[in-house]
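Work through the exercises below with the structure at hand. Try each task before reading its solution.

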Amino acid sequence: MKGFANALAYIRGRGIVRADIAVQDGRIVKISPPSHSVEPLAKTGDFLLTAGFIDEHIHGAGGADSMDGTQGALSVISQTLVKEGATSFLATTMTQSQNAIMAALIAIANFKRGRGARILGAHLEGPFISPKYTGAQSAEYIVKPSAEYFSALQKAAGGAIKMVTLAPEEDGGEMLIRLLKEEGITVSAGHSGATADQIEAAEKCGLSCITHTFNAQSPLHHRQAGVVGAALLNDGLYCEVIADAVHVSVPALKLLIKSKPAEKLILITDAMRAKGAAEGVSELGGQTVYVNDGQARLKDGSLAGSVLKMNVAVKNLVEKCGAPVEYALDCASYNPACNLGLQEEYGSIRCGAAADFTLLDGKFNVVTTVVGGEVVYIAG
């Protein structure tokens with residue numbers, strides 16, 4: 001039986017321990033004390049073995065974008081992500097024309113994984129957002145929350161939409177949230193000017209998450225707490241965060257860590273096609289983006305997605321924010337799995353779960369990535 005022998009592994013509930021982990025038919029079938037009873041998939045030594053990372057909010061990488069609407073583009077993204085330890089992701093769309101979004105969703109629904117990360121479905125970011133908080137989204141294609149519009153998209157996607165970012169304060173927002181909740185879709189508030197009271201009301205309708213917390217949303221003010229205040233205050237809400245120390249400063253990251261229950265913080269990259277490609281001129285949602293010094297910005301200086309890698313996000317939580325390693329690993333794996341209702345299948349090393357693993361060295365560099373029991377990346 002194949003797996004990992006005498007691995008230094010992070011196993012939820014037990015911490016970082018030495019163990020043999022056996023894999024069969026793409027799943028973890030046994031976790032036992034070290035006995036070298038399994039045929040190694042990869043050498044582990046003193047590297048840290050963890051559950052594969054899950055990026056629930058990523059637009060592109062390696063020069064490709066989900067909105068390209070092709071199998072080739074999705075394959076490039078999939079094969080790029082395993083280099084940073086991501087074994088699963090939600091291919092994320094943008095606010096574009098209905099036809100463009102549909103084309104992207106059809107490609108996502110029909111994606112056949114090769115030697116890369118698996119697509120768990122689509123994250124629909126927009127078009128149901130606030131025109132006051134567009135960020136890098138295209139304002140001309142924004143529409144009011146609409147069950148009819150969403151149903152047309154979901155039909156084209158063949159049910160592949162698993163998460164929706166919207167502005168709950170817009171007309172029709174709460175009604176759409178109820179529909180999405182009924183269909184088992186994770187609903188997140190983002191690109192929103194909602195008040196804290198409106199976020200609380202939306203949560204009662206089924207809202208469960210805040211999209212890229214602090215970015216493109218009403219800020220915390222002492223007379224109006226806004227989306228940010230609601231995110232910090234409400235223990236029931238998951239909070240995505242882009243932990244690159246650019247989109248969110250280190251003190252703000254520390255505040256978020258201090259404010260949220262450990263299981264409610266989710267690391268995302270919100271990366272665009274420029275991730276993993278050379279710096280210079282790139283593109284996001286039809287807009288020209290300039291990438292310099294690890295930052296992606298529009299011509300007016302606005303941040304436009306990121307080029308963050310998930311293993312670097314984990315590293316930043318530990319080294320810049322002082323978070324425990326186990327905490328940071330959960331933020332990149334178990335917590336997003338829970339947000340999507342997939343914790344029995346992904347996000348932790350446990351018997352019966354998918355055999356998705358990331359092997360990290362002491363500097364959080366990815367050494368090996370395994371998806372479904374298959375080694376898909378080995379660092380050169």
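**Exercise 1.** State how many salt bridges a search of the whole structure finds.

*Solution.* In this predicted model, the search gives 9 salt bridges. The next exercises take up some of them.

**Exercise 2.** Find the partner of Arg12 in a salt bridge, and explain what the pair ties together.

*Solution.* Step 1: the partner is Asp330, with the closest N and O atoms 2.7 Å apart. Step 3: Arg12 has 35% relative accessibility and counts as partly exposed, whereas Asp330, at 9%, is buried.

**Exercise 3.** Decide whether Lys144 and Glu170, which form a salt bridge, are each buried, partly exposed or exposed.

*Solution.* Step 1: the closest N and O atoms of Lys144 and Glu170 are 2.6 Å apart. Step 2: buried means under 20% relative accessible area, and exposed means over 50%. Step 3: Lys144 has 47%, so this residue is partly exposed. Step 4: Glu170 has 14%, so this residue is buried.

**Exercise 4.** Which residues of helix H1 (residues 71-81) are buried, and where do they lie around the helix axis?

*Solution.* Step 1: the buried residues are Ala73, Leu74, Ile77, Ser78, Thr80 and Leu81. Step 2: viewed down the axis of H1, they fall within an arc of 165°, so they line one face of the helix. Step 3: the elements they pack against include strand S9 (86-92), helix H2 (98-109) and strand S10 (118-125).

Key:
Residues are numbered from 1 along each chain as its sequence is written. This is a predicted model: local features need pLDDT of at least 70, side-chain atom pairs count only at pLDDT 80 or more; totals for chains, interfaces and linings use all residues. Side-chain values use heavy atoms; hydrogens and water are left out. Buried means under 20% relative accessible area, exposed over 50%, partly exposed in between (1.4 Å probe, protein chains only). Helices (H or I, at least four residues) and strands (E, at least two) are DSSP runs, numbered from the N terminus. The arc is that of the directions from the helix axis to the C-beta atoms. Contact means heavy atoms within 4.5 Å. A salt bridge is a side-chain nitrogen of Lys or Arg within 4 Å of a carboxyl oxygen of Asp or Glu.
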